[in-house]
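Work through the exercises below with the sequence and the structure at hand. Each task is followed by a solution in steps.

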Amino acid sequence: MSQQSNKLLPIIIRGARCKCPNCGEGEIFKSYLEQVDICENCGEALGHISADDGSAWLTIMLVGHIILPILFILFMWVDWPLWGTIFAIMAPTLLLTLLLLPRSKGVFIGVIWHTKIQKIS
Ligand SMILES: [Zn+2]
């Protein structure tokens with residue numbers, strides 16, 4: 001394992017905590033998903049990093065892998081009407097999505113910051 005890959009895990013964890021990838025202390029969002037231009041704690045420029053659809057993709061992947069088995073179990077073993085199953089699964093799906101979306105974006109910002117990829121265009 002290279003030295004570079006050893007440093008990636010703490011950056012991913014910082015991103016998942018919505019903290020600056022450089023110092024791990026400053027917040028990376030000034031609102032729910034709006035990222036800060038500069039870290040308040042260390043002054044690292046973060047505003048130019050664009051996670052684009054990566055955070056939405058990661059959120060869908062994570063929520064899907066958590067919710068779909070539960071939905072499958074409900075369909076197989078619980079004799080609820082379809083509307084009952086849909087309502088039962090909507091609340092945790094929405095909650096998980098809202099909880100994971102900023103964390104996913106934080107992870108992408110951290111990884112992009114780590115790899116020094118610049119937006120092309
Ligand atoms: Zn910082």
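**Exercise 1. A cysteine and its metal**

Task: Decide whether C39 is buried or exposed, and find which protein atoms are the donors of the zinc ion.

Solution. The model is a predicted one.
Step 1. C39 has a relative accessible area of 3%. Buried means under 20%, so C39 is buried.
Step 2. The SG atom of C39 is one of the zinc donors; the others are SG of C20, SG of C23 and SG of C42. These donors lie 2.2 to 2.3 Å from the ion.
Step 3. Along the chain, the donors follow the spacing C-x2-C-x15-C-x2-C. C23 and C39 both lie in the loop between α1 (3-16) and α2 (54-77), so this pair ties together parts that are 16 residues apart in sequence.

**Exercise 2. The arrangement around zinc**

Task: Name the arrangement of the four donor atoms around the zinc ion.

Solution.
Step 1. The angles subtended by the four donor atoms run from 106 to 115°.
Step 2. Four donors count as tetrahedral if all angles lie between 85 and 135 degrees.
Step 3. The angles at the zinc ion fall in that range, so the arrangement is tetrahedral.

**Exercise 3. Charged side chains**

Task: State how many salt bridges the whole structure has, and describe the residues that form them.

Solution.
Step 1. The search finds two salt bridges.
Step 2. One joins the side chains of K19 and E27, with 2.5 Å from N to O. K19 is buried, at a relative accessible area of 16%, whereas E27 is partly exposed, at 42%.
Step 3. Another joins E34 and K30, with 3.6 Å from N to O. E34 is partly exposed, with a relative accessible area of 45%.

**Exercise 4. Rings**

Task: Find which ring the charged end of K116 sits over, and how many aromatic pairs the structure holds.

Solution.
Step 1. The charged end of K116 sits over the ring of W113, 4.5 Å from the ring centre.
Step 2. The number of aromatic pairs in the structure is zero.

**Exercise 5. The chain as a whole**

Task: Describe the secondary structure of the chain and set its radius of gyration against that of a compact globule.

Solution.
Step 1. The chain has three helices and zero strands, in the order α-α-α from the N terminus.
Step 2. For a compact globule of 121 residues the radius of gyration would be near 14 Å, but the chain has 18 Å.
Step 3. Along the principal axes, the C-alpha atoms fill a box of roughly 55 × 35 × 30 Å.
Step 4. Of the 121 residues, 32% count as buried.

Technical notes
Residues numbered from 1 in each chain as written. Predicted model: local features only at pLDDT ≥ 70, side-chain atom pairs only at ≥ 80, totals over all residues. Heavy atoms only, no water. Phe/Tyr/Trp six-rings, centres within 6.5 Å; stacked < 30°, edge-to-face > 60°. Lys NZ or Arg CZ within 6 Å of the ring centre and 35° of its normal. Salt bridge = Lys/Arg side-chain N within 4 Å of Asp/Glu carboxyl O. Buried < 20%, exposed > 50% of the residue type's maximum accessible area, 1.4 Å probe, protein only. Donors = N, O, S within 2.8 Å, 3.2 Å for Na, K, Ca; no water. Tetrahedral: all angles 85-135°; square planar, octahedral: opposite > 155°, others 65-115°. Helix = DSSP H or I, 4+ residues; strand = E, 2+ residues; numbered from the N terminus. Rg over C-alpha atoms; globule rule 2.2 N^0.38 Å.
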